[in-house]
Amino acid sequence: MRGLKIGAIAAVSLLAVMLLMVGYLFLTAEVQIVKVSAQGVSAAQDPAAFEALKNAVEEETFQGTLYQKPTEWKDAGEYVYLNYTLRVRNNCLVPIDMVEVQVVPQSTDILQLGEQEVRTVGPKTEGELTASVLAPKDTHPVREIIVTYYVWGVSFHLKTTYGG
């Protein structure tokens, strides 16, 4: 009888320790956007890439998010690439399976270039994400940015605003 009592106390103690550990992990596990920066680059700096992008949109082979198709394309000097760089910190003890960035467009934005590779962020590490938006040259870089990440197949969202 004494052995059962000791076994029961040990089992309850182990359960309490496990519950405290799970609670600690649950309360401290978070993903954060640590830093956001933006840089504008004129499309005229690489006219060949701009022409290739324009042709991909016209031929409907563009990979990315097309916000609106211009009725008439202007010269490459009339457009700018807004390149956003985000630093994401994974404070969880499990890796982020996939992470992606979506920029909420202004009414004049044309497209967001698509990422060609799957981004992951390991446990207790930081990763850098990028997003590029093609917009008219006189636009401002203030945008809402949505980061979607997947942990064990479940999606989560983070929102931030650059410049606002």
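**The open sheet, strand by strand**

Valine 99 stands opposite arginine 119 in β6. That contact belongs to the pairing of β4 with β6, which is antiparallel and has two bridges. Strands here are DSSP runs of E, at least two residues long, numbered from the N terminus. Two strands pair if DSSP finds at least two bridges between them.

The model is predicted: local features need pLDDT of at least 70, side-chain atom pairs count only at pLDDT 80 or more, and totals for chains, interfaces and linings use all residues. Residues are numbered from 1 along each chain as its sequence is written, and side-chain values use heavy atoms, without hydrogens and water.

The sheet has four strands. Their order is β6-β4-β8-β9, and the pairing is antiparallel. β6 (119-121) and β9 stand at the edges with a single partner strand each, so one side of each lacks a neighbour in the sheet. From one strand to the next, the twist averages 35 degrees; axes are lines fitted to C-alpha atoms, and angles run from 0 to 180 degrees between N-to-C directions.

Next comes β4 (residues 96-104) with β8 (residues 143-151). They run antiparallel, joined by seven bridges. Here valine 101 faces valine 147 of β8.

β8 also pairs with β9 (residues 154-162). Nine bridges link the two, again in the antiparallel sense. Tyrosine 150 has serine 155 in β9 as its bridge partner. The β8 and β9 hairpin has two residues between the strands. There, tryptophan 152 takes a positive phi near 55 degrees.
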